Amino acid sequence: MDIQKIREDFPILDRTVYGKPLVYFDNAATTQKPRLVIDSIVDEYYSVNANVHRGVHYLSQQATELHESSRETVRRFINARSTNEIVFTRGTTESINLLVSSFGEEFMQEGDEVIVSVMEHHSNIVPWQLLAARKGITIKVIPMNDKGELLLDEYEKLFSERTKIVSVTQVSNVLGTVNPIKEMIATAHAHGVPFLVDAAQSVPHLKVDVQELDADFLVFSAHKVYGPTGVGVLYGKEEWLDRLPPYQGGGEMIQHVSFEKTTFNELPFKFEAGTPDYIGTTGLAKALDYVTGLGIENIAAHEHELTVYGTKLLEEIPNIRIFGQAEHKSSVISFLVGDIHHFDMGTLLDRLGIAVRTGHHCAQPLMQRLGIEGTVRASFAIYNTKKEVDALVAGIERVSKMF
């Protein structure tokens, strides 16, 4: 692939920060947006904007067609069986909260158990804790080794007759570890337990096929895969979604309302109360089409090359510690250098035009497991280059000398 040509699709990459060319390595937090995504949002507001589904006029019909064609694009991208299995949300966090609320209400009682892993993002921990406070469920945690790999033997031991669901990230947003989700799903199913996959960090970087994985539920956000903010996806097998109660009440998710009784709409609309972000879903579809056009395998290969290249150079820096050395790893490098605080490193790199993420990355239990407060995290995307990695390494060396 011609990376320089790809970079031309992303206008923000041409700007400077503190007089330095922008080097954007905060892609695990959010990716930049290609021009075609931005243009689609502007064009739809200018020419098609109207509320979807309930209007009989031309603009509403056209907007509805765009919105529902976006659902088909998502279905095709993750290879779901039906658009009935694609629920639009505001992002991964809302998708998980929706599932926890509806699944927990219908299928979990006091003493029932959910299995998560030590490397989960807070959005896959806190909703379960809120459910535990309401219903008295128990949260069990899969441990990991020092390389950042989940211990599958220990995972197997966590199951009991009270285990009702497993909820695990496919890729760690801190360590970059690519978990063996297909194998883990098979283990859960052998115990008769459904599995929720947090794919926020995997969909932008890896081929994700929900039927191949046999995932019962899977969630991701548009903004991490070159799409707009405020849009996300909850995939659920139709037989599961049919059994779950609605998450919120209001317009669109109803079939008929009286003061005596309300009947709910068919899938997927049962879970989509109120006006959806129909402009944003078009942007998501454009982003997924963009990724498809480049080829997710090509993106993965390029990002892997950057990760290997960057890791090799960073390992040569004195007193550096890199967290996450799993055999299967995605495009994230988290590190600390000597006694330099991660915030200080990130602030000074910023003055050199280099954007990295610092802190606990919404994964404080993982930080406790690692025995640290936080890290500096560099995360790569398709538009990043080895020249930018060189700039990062030079920046770290410069900051290190200051301390």
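A residue counts as buried under 20% relative accessible area, as exposed over 50%, and as partly exposed in between. The exercises below apply this rule and others to a predicted model.

**Exercise 1. Classify Glu 266 by its accessibility and locate it in the chain.**

Solution. Step one: the relative accessibility of Glu 266 is 51%. Step two: the cut-off for the exposed class is over 50%, so Glu 266 counts as exposed. Step three: Glu 266 belongs to the loop between strand E12 (262-264) and helix H10 (278-294). Step four: between the C-alpha atoms of Glu 266 and Tyr 383 there are 40 Å, the two residues being 117 residues apart along the chain.

**Exercise 2. Explain what the salt bridge between Lys 140 and Glu 113 ties together.**

Solution. Step one: the closest N and O atoms of Lys 140 and Glu 113 are 3.2 Å apart, and the cut-off for a salt bridge is within 4 Å. Step two: Lys 140 is in strand E6 (residues 138-142) and Glu 113 in strand E5 (residues 113-117), so the bridge ties together parts that are 27 residues apart in sequence. Step three: with a relative accessible area of 10%, Glu 113 is buried.

**Exercise 3. Describe the pair Lys 237 and Asp 214, including the accessibility of each partner.**

Solution. Step one: Lys 237 and Asp 214 form a salt bridge, their closest N and O atoms being 2.7 Å apart. Step two: Lys 237 lies in the loop between strand E10 (232-236) and helix H9 (238-243), while Asp 214 lies in the loop between helix H8 (210-213) and strand E9 (217-221), so the pair ties together parts 23 residues apart in sequence. Step three: Lys 237 has a relative accessible area of 8% and is buried, whereas Asp 214, at 30%, is partly exposed.

**Exercise 4. Relate the salt bridge between Glu 305 and Lys 386 to the helices that carry the two residues.**

Solution. Step one: the side chains of Glu 305 and Lys 386 meet in a salt bridge at 2.9 Å, N to O. Step two: Glu 305 is part of helix H11 (residues 296-314) and Lys 386 of helix H14 (residues 386-402), so the pair ties together parts that are 81 residues apart in sequence. Step three: Glu 305 is partly exposed at 41% relative accessibility, and Lys 386 is partly exposed at 35%. Step four: the axes of H11 and H14 come within 10 Å and cross at roughly 25°, which makes H11 roughly parallel to H14. Their crossing is right-handed.

**Exercise 5. Identify the nonpolar surface patch that includes Ile 38, and classify Ile 38 itself.**

Solution. Step one: the patch is formed by Ile 38, Val 42 and Tyr 46, with about 330 Å² of accessible area together. Step two: Ile 38 is in helix H2 (residues 35-47). Step three: the relative accessible area of Ile 38 is 37%, so Ile 38 is partly exposed.

Methods:
Residues are numbered from 1 along each chain as its sequence is written. This is a predicted model: local features need pLDDT of at least 70, side-chain atom pairs count only at pLDDT 80 or more; totals for chains, interfaces and linings use all residues. Side-chain values use heavy atoms; hydrogens and water are left out. Patches are made of residues with over 30% relative accessible area and no salt bridge: like charges are joined within 9 Å, nonpolar side chains (Val, Leu, Ile, Met, Phe, Trp, Tyr) within 5 Å. Accessible areas come from the Shrake-Rupley method with a 1.4 Å probe; for residues, only the protein chains shown count as cover. Helices (H or I, at least four residues) and strands (E, at least two) are DSSP runs, numbered from the N terminus. Buried means under 20% relative accessible area, exposed over 50%, partly exposed in between (1.4 Å probe, protein chains only). Axes are lines fitted to C-alpha atoms, for helices over the stretch in contact, and angles run from 0 to 180 degrees between N-to-C directions. Angles under 35 degrees count as roughly parallel, over 145 as roughly antiparallel, 65 to 115 as roughly perpendicular and the rest as oblique. A crossing is left-handed if the near helix is turned anticlockwise from the far one by less than a right angle, and right-handed if clockwise.
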